[in-house]
Amino acid sequence: MHIREFQEMIKDIYFHKDRKRGVERTFFWLVEEVGELAEAIRKGDKEAMDEEFADVLAWLASLANLLGIDLEKAAEKKYPGVCPYCGKKACECEE
Ligand SMILES: [Mg+2]
Ligand SMILES: [Zn+2]
């Protein structure tokens with residue numbers, strides 16, 4: 001599945017609810033899911049990590065749908081196969 005297909009799938013399932021919730025509350029949900037991911041990583045819980053990575057991706061897609069952002073296009077534009085800062089693959093930027 002491509003990023004665009006995933007985003008479209010999330011739109012088909014959740015857009016009617018995302019629209020009612022609005023951008024701000026959807027953003028808070030995304031942040032909450034990032035917190036859940038942090039907890040899963042801290043606990044070393046691999047099964048929970050799978051779930052929370054998926055949640056973060058889903059809420060990111062919901063937020064992008066609300067704001068009319070094409071995630072795949074945006075990602076490819078900023079990351080065209082090399083580091084956007086040093087232009088290298090692999091990146092040679094100082095940390
Ligand atoms: Mg979650
Ligand atoms: Zn770099």
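**Exercise 1.** In this predicted model, is cysteine 93 buried, partly exposed or exposed?

*Solution.* Cysteine 93 has a relative accessibility of 35%. Buried means under 20%, and exposed means over 50%. Cysteine 93 therefore counts as partly exposed. Now take cysteine 91. Its relative accessible area is 46%, so cysteine 91 is partly exposed.

**Exercise 2.** Find the protein donors of the zinc ion (ligand 2) and name the geometry of the site.

*Solution.* Start with the donors. They are Cys83 (SG), Cys86 (SG), Cys91 (SG) and Cys93 (SG), 2.3 to 2.4 Å from the zinc ion. Along the chain their spacing reads C-x2-C-x4-C-x1-C. Next, check the angles. Those among the 4 donor atoms run from 103 to 118°. A tetrahedral site needs all angles between 85 and 135 degrees. The zinc site is tetrahedral.

**Exercise 3.** Which residues coordinate the magnesium ion (ligand 1), and where do glutamate 52 and aspartate 55 lie?

*Solution.* Glu33 (OE), Glu36 (OE), Glu52 (OE) and Asp55 (OD) coordinate the magnesium ion at 2.0 to 2.2 Å. The donor spacing is E-x2-E-x15-E-x2-D. Glutamate 52 and aspartate 55 both sit in helix 2 (residues 46-67). They are 3 residues apart, about one turn of the helix. Glutamate 52 is buried, at 10% relative accessible area. Aspartate 55 is partly exposed, at 23%.

**Exercise 4.** How do helix 1 (residues 3-43) and helix 2 cross?

*Solution.* Their axes come within 5 Å and cross at roughly 135°. Helix 1 is therefore oblique to helix 2. The crossing is left-handed. The contact residues divide into 25 nonpolar, 5 polar and 8 charged.

Methods:
Residues are numbered from 1 along each chain as its sequence is written. Chains are lettered from A and ligands numbered from 1 in the order in which they are written. This is a predicted model: local features need pLDDT of at least 70, side-chain atom pairs count only at pLDDT 80 or more; totals for chains, interfaces and linings use all residues. Side-chain values use heavy atoms; hydrogens and water are left out. Donors are N, O and S atoms within 2.8 Å of the metal (3.2 Å for Na, K and Ca); water is not among the atoms, so sites may look incomplete. Helices (H or I, at least four residues) and strands (E, at least two) are DSSP runs, numbered from the N terminus. Buried means under 20% relative accessible area, exposed over 50%, partly exposed in between (1.4 Å probe, protein chains only). Axes are lines fitted to C-alpha atoms, for helices over the stretch in contact, and angles run from 0 to 180 degrees between N-to-C directions. Angles under 35 degrees count as roughly parallel, over 145 as roughly antiparallel, 65 to 115 as roughly perpendicular and the rest as oblique. A crossing is left-handed if the near helix is turned anticlockwise from the far one by less than a right angle, and right-handed if clockwise. Ala, Val, Leu, Ile, Met, Phe, Trp, Tyr, Cys and Pro count as nonpolar, Asp, Glu, Lys and Arg as charged, and the others, Gly among them, as polar. Four donors count as tetrahedral if all angles lie between 85 and 135 degrees; four count as square planar and six as octahedral if opposite donors are over 155 degrees apart and all others between 65 and 115; anything else is irregular.
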